[in-house]
Amino acid sequence: DIVSLSDSQTGCYTIANFIKILSDADKSKYKRTIDGLISVLKESWLALDSPWTKIDLGFYLAKELSVYNVDIANEYLNASLAEKSGQPIDSAATAVTYVKCVLLCVRSFSGLIKKHNNYDDDLKVFVDLMEILPEGERVRLWACLSYRFLLQGVEDYFKKIVKTYIIPVLNRLKNKKDQGFYIYIFKHVAAPIYQYNELLFSEYLNDMPLNEQDDILANTCDILVKKVPLEDPIDSDFQANLEYEELLQVLNLVKKMEADNWIYIWIKHIVTVVKRNQLVKEQKQSIILQLENLIKDKLPNIKTGIKHDGYKLAAEILVKSINISPDKSQLEELKNQIYKIDNLSDQSLLFHILAEEMKFRTQGQKLEILKEAFSKADMIPVGFDKLKRYEEALPLLAETSKPEFNRMFAKIVDNLI
């Protein structure tokens, strides 16, 4: 049960700590339980894919288990020394350095990729470079390289890499004991799989634990939006620029999500891109309609999310902000909907979102809504939520009205002191 909650590496550390606790409490009383844990520990350690992780963890287990049983501790020590002697890369520091060097090779090589060229010999070079790495590390690097080909429009080599070097490894990892590691690897290769074959992606995704699926979908959306592999750095001021078809790809992934916070986050991303990009009227209306249906179908998620309509209303405000500049009656309707939320902190946040996202006809309207955000924040008992609502809304107030910002800031400081 311990190992099923995590990857094998984390499971090993957890089991070792349990053994130590039980040994300290009463070694003879808990001998049967400890012996069972030692058996599971061995299976988990043997299941590790990364040799350097196996070696480091083996030395750790030898030290920890010596308190309980010196013979078992020596088994881990000798096994780790044997593993170390047969590995070209036997430490995490060396492994990280080598992997980053290969990643640099991939990034440099991507500048040479052009359509209609033959890259078979280059792939053989990468095969040689990655041969000394375990399967999990190799498949992550192949995912990066495949995506470089896709970004340059060389789809035949993108498909070749996914089919030859990624899918077979995924299928092998899927059938191994360390399911946590398999999930970790799939998160890194999900985007190439999705763009290779959406149906195949869905099959892999549906086999994942429910609590992992939204993270995988969010990672995949992130790569599609940023158009770089997961391992690549990105500018802090990056602004996404997606075509209509690319937006639909992201939207189709968001439709598979269940967690209300992830759905809201990605609706916000999509709305931001739609506002920035010059889509034709029909394309914009198509996106808006699909977002409205998504909100209606998925929010609120009362099984796993918040029970009230906070996320639903926030998402509706975002979608409305694409086209609408609300008149007085529309603004009053939105305000009344926010008042129905039975949480002062969420009310304050919703007024802030409304002020930040909506296109107002006058600055006075925007300032009125911002004052509502601060009014609700004032009513929150002193604590983290109150400070957070102030901190979030003050920059927007400074942009909207310097005099009102100065007045509000002085009031907040006085009240807190």
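Visitor: What is the average pLDDT of the protein, and where is confidence lowest and highest?

Guide: This is a predicted model, and the protein averages a pLDDT of 89, with 98% of the residues scoring at least 70. Confidence is lowest in helix H1 (residues 8-26), where the mean is 85, and highest in helix H10 (residues 198-207), where it is 95.

Visitor: Why is Leu394 counted as buried?

Guide: Leu394, which is found in helix H19 (residues 384-400), has a relative accessibility of 12%; buried means under 20%, and Leu394 therefore counts as buried.

Visitor: Which residues is Leu394 in contact with, leaving aside its neighbours within four places in sequence?

Guide: With those neighbours set aside, Leu394 is in contact with Phe374, Phe405, Phe409 and Ile412. Leu129, by comparison, lies 265 residues from Leu394 in sequence and 52 Å from it in space, C-alpha to C-alpha.

Visitor: What makes H2 and H4 roughly parallel to each other?

Guide: The axes of helix H2 (residues 31-46) and helix H4 (residues 70-85) cross at roughly 5° and come within 13 Å; angles under 35 degrees count as roughly parallel, and H2 and H4 are therefore described in that way. On the H2 side the contact is made by Ile38, Leu41, Lys42 and Trp45, and on the H4 side by Ile72, Tyr76, Ala79 and Ser80.

Visitor: How do the residues of the contact of H2 with H4 divide?

Guide: The residues of this contact between H2 and H4 comprise six nonpolar, one polar and one charged.

Note on methods
Residues are numbered from 1 along each chain as its sequence is written. This is a predicted model: local features need pLDDT of at least 70, side-chain atom pairs count only at pLDDT 80 or more; totals for chains, interfaces and linings use all residues. Side-chain values use heavy atoms; hydrogens and water are left out. pLDDT is the predictor's confidence in each residue, from 0 to 100. Helices (H or I, at least four residues) and strands (E, at least two) are DSSP runs, numbered from the N terminus. Buried means under 20% relative accessible area, exposed over 50%, partly exposed in between (1.4 Å probe, protein chains only). Contact means heavy atoms within 4.5 Å. Axes are lines fitted to C-alpha atoms, for helices over the stretch in contact, and angles run from 0 to 180 degrees between N-to-C directions. Angles under 35 degrees count as roughly parallel, over 145 as roughly antiparallel, 65 to 115 as roughly perpendicular and the rest as oblique. Ala, Val, Leu, Ile, Met, Phe, Trp, Tyr, Cys and Pro count as nonpolar, Asp, Glu, Lys and Arg as charged, and the others, Gly among them, as polar.
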